[in-house]
Amino acid sequence: MALDDGATLVIDTGNYLLAPTGTEMPSDLTSPTAPWENVGHTSLEELLSITSEGGEATVLATLQNKTLRTRYSARTERMTFILQQFDIKGLRLFYGANAPLLANGTLGVPTDPKPTVCAILIVFVDGDNTFAFYAPKAEIYRADDLSLSDTESLAGMPIGITPLVHGTNNWTYAVTPLTSTPASVVATGATAGSPGAFTPTGAALPASLAALQSGSITASPATAWTTGQHVVLGNSTQAHWDGDSWESGAAA
(Lines give C-alpha, C1' and ligand atoms only; values in the text may rest on other atoms or scores of the structure.)
Protein backbone atom coordinates (compact mmCIF):
# COMPACT_ATOMS: atom_id res chain seq x y z
CA MET A 1 0.00 0.00 0.00
CA ALA A 2 1.18 3.51 -0.79
CA LEU A 3 1.73 5.97 2.04
CA ASP A 4 -1.30 8.21 2.47
CA ASP A 5 -0.89 10.95 5.08
CA GLY A 6 -4.57 11.80 4.68
CA ALA A 7 -5.62 8.36 5.96
CA THR A 8 -4.33 8.95 9.50
CA LEU A 9 -6.66 9.87 12.33
CA VAL A 10 -6.47 12.20 15.32
CA ILE A 11 -9.90 12.66 16.85
CA ASP A 12 -10.98 16.27 17.45
CA THR A 13 -14.63 15.69 18.26
CA GLY A 14 -17.40 13.18 17.67
CA ASN A 15 -21.00 12.17 18.15
CA TYR A 16 -23.00 9.02 18.96
CA LEU A 17 -26.36 8.79 17.22
CA LEU A 18 -29.28 6.36 17.30
CA ALA A 19 -32.08 5.66 14.83
CA PRO A 20 -34.71 2.97 14.26
CA THR A 21 -33.31 -0.42 13.28
CA GLY A 22 -32.37 -0.59 9.62
CA THR A 23 -31.94 3.15 9.10
CA GLU A 24 -29.41 3.77 6.33
CA MET A 25 -26.14 5.53 7.10
CA PRO A 26 -26.52 9.23 6.16
CA SER A 27 -24.63 10.49 3.13
CA ASP A 28 -23.40 13.52 5.08
CA LEU A 29 -21.74 12.23 8.25
CA THR A 30 -21.04 15.76 9.51
CA SER A 31 -24.73 16.62 9.94
CA PRO A 32 -26.96 13.53 10.16
CA THR A 33 -30.63 14.42 9.99
CA ALA A 34 -33.75 12.76 11.46
CA PRO A 35 -34.40 10.03 12.32
CA TRP A 36 -30.81 10.05 13.59
CA GLU A 37 -30.71 11.46 17.13
CA ASN A 38 -27.67 12.34 19.22
CA VAL A 39 -27.35 10.47 22.55
CA GLY A 40 -25.76 13.52 24.17
CA HIS A 41 -22.50 14.20 26.00
CA THR A 42 -19.90 11.45 26.15
CA SER A 43 -16.50 11.15 27.79
CA LEU A 44 -13.58 13.18 26.50
CA GLU A 45 -11.12 10.72 28.04
CA GLU A 46 -12.57 7.34 27.07
CA LEU A 47 -13.90 7.67 23.54
CA LEU A 48 -14.61 4.13 22.36
CA SER A 49 -13.31 0.65 23.09
CA ILE A 50 -13.85 -2.44 20.97
CA THR A 51 -13.36 -5.94 22.30
CA SER A 52 -14.12 -9.28 20.69
CA GLU A 53 -14.67 -12.92 21.50
CA GLY A 54 -14.19 -15.97 19.29
CA GLY A 55 -12.09 -16.15 16.17
CA GLU A 56 -10.03 -19.08 17.47
CA ALA A 57 -8.11 -20.94 14.78
CA THR A 58 -8.42 -24.70 14.40
CA VAL A 59 -5.88 -26.46 12.18
CA LEU A 60 -7.39 -29.29 10.13
CA ALA A 61 -5.10 -32.11 9.07
CA THR A 62 -5.08 -35.22 6.93
CA LEU A 63 -2.83 -38.23 7.11
CA GLN A 64 -0.81 -36.69 4.30
CA ASN A 65 -0.77 -33.05 5.44
CA LYS A 66 -0.75 -32.15 9.15
CA THR A 67 -1.58 -28.50 8.43
CA LEU A 68 -3.94 -28.77 5.48
CA ARG A 69 -6.45 -26.04 6.32
CA THR A 70 -7.36 -23.61 9.06
CA ARG A 71 -10.88 -22.80 10.21
CA TYR A 72 -11.81 -19.86 12.40
CA SER A 73 -14.76 -19.77 14.78
CA ALA A 74 -17.27 -16.94 14.55
CA ARG A 75 -16.23 -13.66 16.17
CA THR A 76 -18.51 -11.27 18.03
CA GLU A 77 -17.52 -7.71 18.81
CA ARG A 78 -18.59 -5.28 21.50
CA MET A 79 -18.09 -1.53 21.73
CA THR A 80 -18.17 0.50 24.93
CA PHE A 81 -18.28 4.21 25.63
CA ILE A 82 -19.06 6.48 28.58
CA LEU A 83 -22.34 8.40 28.40
CA GLN A 84 -22.38 11.55 30.52
CA GLN A 85 -25.90 12.77 29.87
CA PHE A 86 -28.25 11.51 32.60
CA ASP A 87 -31.56 12.33 30.91
CA ILE A 88 -34.40 9.84 30.40
CA LYS A 89 -33.17 8.53 27.05
CA GLY A 90 -29.63 8.21 28.33
CA LEU A 91 -30.70 6.46 31.53
CA ARG A 92 -32.76 3.96 29.52
CA LEU A 93 -29.66 3.03 27.51
CA PHE A 94 -28.02 2.12 30.83
CA TYR A 95 -30.92 0.70 32.85
CA GLY A 96 -32.93 -0.84 30.01
CA ALA A 97 -35.30 0.26 27.27
CA ASN A 98 -38.24 -0.89 29.42
CA ALA A 99 -37.38 1.37 32.39
CA PRO A 100 -40.78 2.94 33.23
CA LEU A 101 -41.30 6.67 33.72
CA LEU A 102 -43.19 6.88 37.02
CA ALA A 103 -45.95 9.30 37.94
CA ASN A 104 -43.63 11.49 40.00
CA GLY A 105 -41.24 11.94 37.05
CA THR A 106 -38.62 9.47 38.22
CA LEU A 107 -37.44 6.53 36.17
CA GLY A 108 -38.02 3.09 37.59
CA VAL A 109 -35.19 0.56 37.40
CA PRO A 110 -36.68 -2.65 35.94
CA THR A 111 -36.04 -6.06 37.47
CA ASP A 112 -36.02 -7.61 34.00
CA PRO A 113 -34.21 -5.02 31.86
CA LYS A 114 -34.38 -5.16 28.09
CA PRO A 115 -31.61 -3.75 25.87
CA THR A 116 -32.33 -0.95 23.44
CA VAL A 117 -32.35 -2.34 19.89
CA CYS A 118 -31.72 0.20 17.14
CA ALA A 119 -29.27 1.41 14.50
CA ILE A 120 -26.21 3.25 15.76
CA LEU A 121 -23.79 5.66 14.12
CA ILE A 122 -20.56 6.87 15.75
CA VAL A 123 -18.81 9.71 13.91
CA PHE A 124 -15.34 10.98 14.79
CA VAL A 125 -14.06 14.17 13.16
CA ASP A 126 -10.41 14.97 12.35
CA GLY A 127 -10.27 18.33 10.60
CA ASP A 128 -11.93 17.78 7.22
CA ASN A 129 -11.92 14.00 7.68
CA THR A 130 -14.70 11.94 9.25
CA PHE A 131 -14.39 8.36 10.44
CA ALA A 132 -17.53 6.46 11.35
CA PHE A 133 -18.79 3.19 12.78
CA TYR A 134 -22.26 2.21 11.55
CA ALA A 135 -24.44 -0.73 12.59
CA PRO A 136 -27.97 -1.02 11.13
CA LYS A 137 -28.92 -3.12 14.15
CA ALA A 138 -27.38 -3.27 17.61
CA GLU A 139 -28.24 -4.04 21.21
CA ILE A 140 -27.34 -1.29 23.68
CA TYR A 141 -27.19 -1.81 27.43
CA ARG A 142 -24.94 -1.16 30.41
CA ALA A 143 -21.36 -2.38 29.95
CA ASP A 144 -20.45 -2.30 33.63
CA ASP A 145 -21.76 -1.21 37.02
CA LEU A 146 -22.06 2.49 37.77
CA SER A 147 -19.47 4.09 40.04
CA LEU A 148 -19.59 7.73 41.16
CA SER A 149 -16.12 8.18 42.60
CA ASP A 150 -15.30 11.88 43.05
CA THR A 151 -16.62 15.43 43.01
CA GLU A 152 -14.17 16.89 40.47
CA SER A 153 -15.01 15.08 37.23
CA LEU A 154 -18.13 14.44 35.21
CA ALA A 155 -19.92 11.22 36.13
CA GLY A 156 -20.55 8.73 33.39
CA MET A 157 -22.48 5.57 32.60
CA PRO A 158 -20.58 2.74 30.85
CA ILE A 159 -22.64 1.79 27.81
CA GLY A 160 -22.09 -1.36 25.76
CA ILE A 161 -22.99 -1.86 22.09
CA THR A 162 -23.30 -5.29 20.51
CA PRO A 163 -23.67 -5.00 16.72
CA LEU A 164 -26.02 -7.62 15.25
CA VAL A 165 -26.63 -8.99 11.77
CA HIS A 166 -29.50 -7.15 10.12
CA GLY A 167 -31.64 -8.79 7.46
CA THR A 168 -29.60 -10.67 4.88
CA ASN A 169 -26.35 -8.85 5.69
CA ASN A 170 -23.26 -10.99 6.21
CA TRP A 171 -21.71 -8.27 8.39
CA THR A 172 -22.66 -6.63 11.68
CA TYR A 173 -21.14 -3.16 11.41
CA ALA A 174 -19.18 -1.07 8.93
CA VAL A 175 -16.41 1.51 9.13
CA THR A 176 -15.56 4.29 6.67
CA PRO A 177 -12.01 4.13 5.25
CA LEU A 178 -10.01 7.35 5.24
CA THR A 179 -8.24 8.65 2.16
CA SER A 180 -6.67 11.91 1.07
CA THR A 181 -8.53 11.55 -2.20
CA PRO A 182 -12.25 12.38 -2.08
CA ALA A 183 -14.58 9.38 -2.56
CA SER A 184 -16.03 11.18 -5.54
CA VAL A 185 -12.79 10.59 -7.44
CA VAL A 186 -13.36 7.60 -9.71
CA ALA A 187 -10.68 5.20 -10.84
CA THR A 188 -9.42 5.69 -14.38
CA GLY A 189 -6.75 3.01 -14.48
CA ALA A 190 -5.70 -0.28 -12.91
CA THR A 191 -2.15 -1.56 -12.65
CA ALA A 192 -1.40 -5.29 -12.53
CA GLY A 193 -0.05 -6.77 -9.30
CA SER A 194 -0.79 -9.25 -6.56
CA PRO A 195 -2.86 -7.36 -5.78
CA GLY A 196 -2.65 -4.53 -8.24
CA ALA A 197 -3.93 -1.01 -7.67
CA PHE A 198 -6.42 1.41 -9.11
CA THR A 199 -5.30 4.88 -10.14
CA PRO A 200 -5.25 7.65 -9.14
CA THR A 201 -4.21 6.58 -5.66
CA GLY A 202 -7.16 6.63 -3.27
CA ALA A 203 -9.81 6.62 -5.98
CA ALA A 204 -13.09 4.89 -5.16
CA LEU A 205 -13.00 1.19 -6.01
CA PRO A 206 -15.44 -0.24 -8.56
CA ALA A 207 -18.15 -1.84 -6.43
CA SER A 208 -18.27 -5.13 -8.36
CA LEU A 209 -17.14 -6.91 -11.52
CA ALA A 210 -20.20 -5.56 -13.29
CA ALA A 211 -19.24 -2.02 -12.28
CA LEU A 212 -15.68 -2.61 -13.47
CA GLN A 213 -16.85 -4.02 -16.80
CA SER A 214 -19.28 -1.18 -17.40
CA GLY A 215 -16.70 1.50 -16.62
CA SER A 216 -13.83 2.88 -18.68
CA ILE A 217 -10.86 1.82 -16.56
CA THR A 218 -7.66 1.31 -18.55
CA ALA A 219 -5.59 -1.77 -17.70
CA SER A 220 -1.82 -1.51 -17.34
CA PRO A 221 -0.29 -3.38 -19.04
CA ALA A 222 -2.86 -3.66 -21.81
CA THR A 223 -1.74 -7.20 -22.59
CA ALA A 224 -3.16 -10.17 -20.66
CA TRP A 225 -2.10 -10.10 -17.03
CA THR A 226 0.11 -12.94 -15.86
CA THR A 227 -0.78 -15.71 -13.41
CA GLY A 228 -1.92 -14.44 -10.03
CA GLN A 229 -2.18 -10.78 -11.01
CA HIS A 230 -5.45 -9.13 -10.04
CA VAL A 231 -7.14 -6.11 -8.48
CA VAL A 232 -9.50 -6.19 -5.49
CA LEU A 233 -12.97 -4.70 -5.98
CA GLY A 234 -15.21 -2.89 -3.55
CA ASN A 235 -17.06 -6.12 -2.67
CA SER A 236 -13.70 -7.82 -1.85
CA THR A 237 -13.78 -10.02 -4.95
CA GLN A 238 -10.94 -10.14 -7.45
CA ALA A 239 -10.74 -9.31 -11.16
CA HIS A 240 -8.07 -9.37 -13.86
CA TRP A 241 -7.49 -8.10 -17.40
CA ASP A 242 -7.32 -10.91 -20.00
CA GLY A 243 -6.10 -8.72 -22.84
CA ASP A 244 -9.45 -7.44 -24.07
CA SER A 245 -11.87 -7.49 -21.11
CA TRP A 246 -12.14 -7.56 -17.33
CA GLU A 247 -12.80 -11.03 -15.94
CA SER A 248 -13.51 -12.51 -12.52
CA GLY A 249 -10.74 -13.72 -10.20
CA ALA A 250 -6.98 -13.63 -10.51
CA ALA A 251 -5.33 -14.34 -13.85
CA ALA A 252 -4.67 -18.06 -14.30
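Lys-114 counts as partly exposed, at 42% relative accessibility. In this predicted model, Lys-114 forms a salt bridge with Asp-112, and a search of the whole structure finds three salt bridges.

**Salt bridges**

- Side chains of opposite charge can pair when their charged atoms come close.
- Between Lys-114 and Asp-112, the closest N and O atoms are 3.2 Å apart; Asp-112 is partly exposed, with 46% relative accessibility.
- Glu-37 forms a salt bridge with Lys-89, and their closest N and O atoms lie 2.6 Å apart.
- This pair links distant parts of the chain, since Glu-37 belongs to strand β2 (residues 37-38) and Lys-89 to helix α1 (residues 88-95), 52 residues apart.
- Glu-37 is partly exposed at a relative accessible area of 41%, whereas Lys-89 is exposed at 55%.
- Arg-142 forms a salt bridge with Asp-145, with 3.8 Å between the closest N and O atoms.
- Arg-142 counts as partly exposed at 25% relative accessibility, while Asp-145 counts as exposed at 58%.

- Strand β11 (residues 189-191) pairs with β12 in the antiparallel sense over three bridges.
- Thr-191 stands opposite Ala-197 in β12.

Technical notes: Residues are numbered from 1 along each chain as its sequence is written. This is a predicted model: local features need pLDDT of at least 70, side-chain atom pairs count only at pLDDT 80 or more; totals for chains, interfaces and linings use all residues. Side-chain values use heavy atoms; hydrogens and water are left out. Two strands pair if DSSP finds at least two bridges between them. Helices (H or I, at least four residues) and strands (E, at least two) are DSSP runs, numbered from the N terminus. A salt bridge is a side-chain nitrogen of Lys or Arg within 4 Å of a carboxyl oxygen of Asp or Glu. Buried means under 20% relative accessible area, exposed over 50%, partly exposed in between (1.4 Å probe, protein chains only).
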